[in-house]
Amino acid sequence: MKIKKYLFPIVTFIISFGCALFVAIKVFPNNPFTGETKTEKTAVSKFKDGDLIFQTSESKQCEAVRIATNSKFSHCGIIYDINGKWFVFEAVQPVKLTPLEDWIKHGKDSKYVVKRLKDDSILKPEILQKMKDYSQQFDGKEYDAYFEWTDNRIYCSELIWKIYKNAAGIELSKLRELKDFNLEDPRVQKILKERYGNDIPLEEKVVAPSDIADSNILKTLIDTY
């Protein structure tokens with residue numbers, strides 16, 4: 001009799017606790033950048049937190065970027081390990097974390113290049129967390145189609161340059177001005193006309209995906225081209 005007397009309230013408590021835990025997980029999820037709840041990887045990954053990834057996108061604007069920079073790269077992002085899964089933090093519309101597998105599929109022929117600091121010993125766990133914390137201010141922001149050097153909106157290579165510079169103290173490449181690029185091609189001229197009319201900001205500070213990809217402080221880890 002005593003067992004039956006206490007069985008119902010015990011079962012009720014267990015069910016109530018389970019429901020409360022489920023609701024808490026759904027309503028109050030972990031910050032996507034913290035990576036506090038790690039799931040163990042089954043194998044050693046070829047990627048590392050903070051790696052940089054580059055690809056060829058196929059939009060008209062990306063075509064103009066490739067022409068203006070004389071490079072096959074028109075898009076890039078930074079790879080983050082979030083709770084044991086790989087994501088690319090990228091400046092698209094809006095700025096967001098994208099699962100690595102999905103990000104790769106968005107590129108032309110699913111080809112990509114991964115680069116890493118030649119000396120990546122500086123990217124200790126506390127520095128990587130600082131980079132993720134700094135990244136949060138850009139999450140959800142609008143893509144900057146005007147390539148302005150502000151934090152109001154942001155484009156892909158500007159995003160990863162600022163993360164490394166302002167959170168890790170590493171300058172991936174020198175900044176250039178818009179006028180330093182090849183702006184004479186008609187396809188580039190067309191995009192510039194659409195964006196700026198006749199008032200092209202030729203002295204605006206700019207960093208292109210190719211500037212970072214060509215950096216002498218990076219090494220190539222993966223190249224599927």
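## Ser135 in helix 4

Ser135 sits in helix 4, and this is a predicted model, so keep that in mind while browsing. The residue is buried, with a relative accessible area of 0%. What does Ser135 touch once its neighbours within four places in sequence are left aside? The contacts are Phe33, Tyr80, Phe89 and Ile163.

## Helix 4 against helix 5

One of those partners, Ile163, also turns up on the helix 5 side of the contact between helix 4 and helix 5. Helix 4 covers residues 125-135 and helix 5 covers residues 156-168; the two pack at an angle of about 125°, and their axes are 9 Å apart. That angle makes helix 4 oblique to helix 5, and the crossing is right-handed.

Which residues make the contact? From helix 4 come Ile127, Lys130, Met131, Tyr134 and Ser135. Helix 5 brings in Lys162, Ile163, Tyr164, Asn166, Ala167 and Ala168. Sorted by class, that contact has 7 nonpolar, 2 polar and 2 charged residues.

In general, an α-helix has 3.6 residues a turn, so residues three or four places apart point the same way.

Elsewhere, salt bridges with shared partners tie Glu63, Asp185 and Arg187 into one network.

## Salt bridges across the chain

How many salt bridges does the structure hold? There are 14. One of them brings together the side chains of Lys48 and Asp120, at 2.7 Å from N to O. This pair links distant parts of the chain, 72 residues apart. Lys48 lies in the loop between helix 1 (2-27) and strand 1 (52-55), while Asp120 lies in the loop between strand 5 (113-117) and helix 4. As for accessibility, Lys48 is partly exposed, with a relative accessible area of 37%.

Arg116 and Asp51 form another salt bridge, with the closest N and O atoms 2.8 Å apart. Here too, distant parts of the chain are linked: Arg116 is in strand 5, Asp51 is in the loop between helix 1 and strand 1, and 65 residues separate them. Both Arg116 and Asp51 are buried.

Now for helix 2, residues 60-69. Why can helix 2 be called largely enclosed by the rest of the structure? Because 7 of its 10 residues are buried. Those buried residues are Gln61, Cys62, Ala64, Val65, Ile67, Ala68 and Thr69.

What do the buried residues of helix 2 pack against? Their partners are helix 6 (186-196) and helix 7 (209-213).

Definitions and conventions
Residues are numbered from 1 along each chain as its sequence is written. This is a predicted model: local features need pLDDT of at least 70, side-chain atom pairs count only at pLDDT 80 or more; totals for chains, interfaces and linings use all residues. Side-chain values use heavy atoms; hydrogens and water are left out. Axes are lines fitted to C-alpha atoms, for helices over the stretch in contact, and angles run from 0 to 180 degrees between N-to-C directions. Helices (H or I, at least four residues) and strands (E, at least two) are DSSP runs, numbered from the N terminus. Angles under 35 degrees count as roughly parallel, over 145 as roughly antiparallel, 65 to 115 as roughly perpendicular and the rest as oblique. A crossing is left-handed if the near helix is turned anticlockwise from the far one by less than a right angle, and right-handed if clockwise. Contact means heavy atoms within 4.5 Å. Ala, Val, Leu, Ile, Met, Phe, Trp, Tyr, Cys and Pro count as nonpolar, Asp, Glu, Lys and Arg as charged, and the others, Gly among them, as polar. Buried means under 20% relative accessible area, exposed over 50%, partly exposed in between (1.4 Å probe, protein chains only). A salt bridge is a side-chain nitrogen of Lys or Arg within 4 Å of a carboxyl oxygen of Asp or Glu.
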